[in-house]
Amino acid sequence: MGQTQTQSTDKEVTLENIQELYRKFASECPSGNLHLHEFKRIFGIDSNSTEEEAAFMENVFRSFDANKDGKIDFMEYVAAVHLVLRGKLEDKLKWSFKVYDRDGNGCLDRNEVRHIVRIIHKIKNHKNPGVSGDIDDICDRIFQLVDKNQDSRISLEEFIEGAERDPWVMEQLKLDIGPCDWFIEHQEKKT
């Protein structure tokens, strides 16, 4: 049985886009490293951004900093771009879990889930003021649907299974930074 490739709703990123990404990395990061303040600038996080948006991008940055040296080198950058733009759903869910697992213990507790749901909710609300929902109710429902062994902790396995099984859970936990659209939009602004 062969694997089937699902069509993505994102726009396709071409080889020319990826080559331009390398040129941009080299020109914006002549040291060969991308620091947190540069990463935030690339994603449009500035003094007008909410505290939640800044915290979210810091978590994303830390997830890409594989060797935890406080900067993203080109190899980490390429791995991150590949994951976000071309990665399989399961790989993206593993990455999302890593972003959410702030203490790195391999499980999500209620505080971590509440924290990330609050950030995602604020970002969605900032983009679309009509978004509503009580954070504690959302967290309770996520734990009811995902925490199979009811130990008040969500393991990576429970997280992946829950997100794949339930579209509502996927929507609540989705890291929605629109990478392909963002990348293409910024390339078009440049030209």
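Q: Is Tyr 77 buried or exposed?

A: This is a predicted model, so the answer is computed from its atoms, with burial meaning under 20% relative accessible area. Tyr 77 has 14% relative accessibility and counts as buried.

Q: Which residues of H4 are buried along with Tyr 77?

A: The buried residues of that helix are Glu 76, Tyr 77, Ala 80, Val 81, Leu 83, Val 84 and Leu 85.

Q: Why do residues three or four places apart in an α-helix point the same way?

A: An α-helix has 3.6 residues a turn, so such residues point the same way. Here, Phe 74 and Tyr 77 are 3 residues apart in helix H4 (residues 74–86), and about one helical turn separates them.

Q: What kind of aromatic pair do Phe 74 and Tyr 77 form?

A: The angle between the ring planes decides the name: under 30 degrees is stacked, over 60 is edge-to-face, and the rest is tilted. The structure holds 6 aromatic pairs. In the one formed by Phe 74 and Tyr 77, the planes are 40° apart and the centres 6.2 Å apart, so the pair is tilted. Phe 74 is partly exposed, at a relative accessible area of 25%.

Q: Which pair is edge-to-face, with 65° between the planes?

A: Phe 97 and Phe 159 form that pair, at 5.4 Å centre to centre. The pair links distant parts of the chain: Phe 97 belongs to helix H5 (residues 89–100) and Phe 159 to helix H8 (residues 156–165), 62 residues apart. Phe 97 is buried, with a relative accessible area of 5%, and Phe 159 is buried too, with 1%.

Q: Which residues form one aromatic cluster?

A: Phe 39, Phe 61, Phe 64 and Trp 95 do.

Q: Where does Arg 110 lie?

A: A charged side chain can sit over a ring. Arg 110 lies over the face of Phe 143, 4.3 Å from the ring centre. Likewise, Arg 141 lies over the face of Trp 168, at 3.9 Å from the ring centre.

Q: Which residue caps the N-terminal end of H4?

A: Asp 73 does, with a side-chain oxygen 3.1 Å from the backbone nitrogen of Met 75.

Q: What does the side chain of Asp 46 reach?

A: The side chain of Asp 46 reaches the backbone nitrogen of Asn 48, at 2.8 Å. Asp 46 is found in the loop between helix H2 (36–42) and helix H3 (51–64). With a relative accessible area of 44%, Asp 46 is partly exposed.

Note on methods
Residues numbered from 1 in each chain as written. Predicted model: local features only at pLDDT ≥ 70, side-chain atom pairs only at ≥ 80, totals over all residues. Heavy atoms only, no water. Phe/Tyr/Trp six-rings, centres within 6.5 Å; stacked < 30°, edge-to-face > 60°. Helix = DSSP H or I, 4+ residues; strand = E, 2+ residues; numbered from the N terminus. Buried < 20%, exposed > 50% of the residue type's maximum accessible area, 1.4 Å probe, protein only. Lys NZ or Arg CZ within 6 Å of the ring centre and 35° of its normal. Polar contact = N/O pair within 3.5 Å; in protein donor to acceptor, adjacent residues only side chain to side chain.
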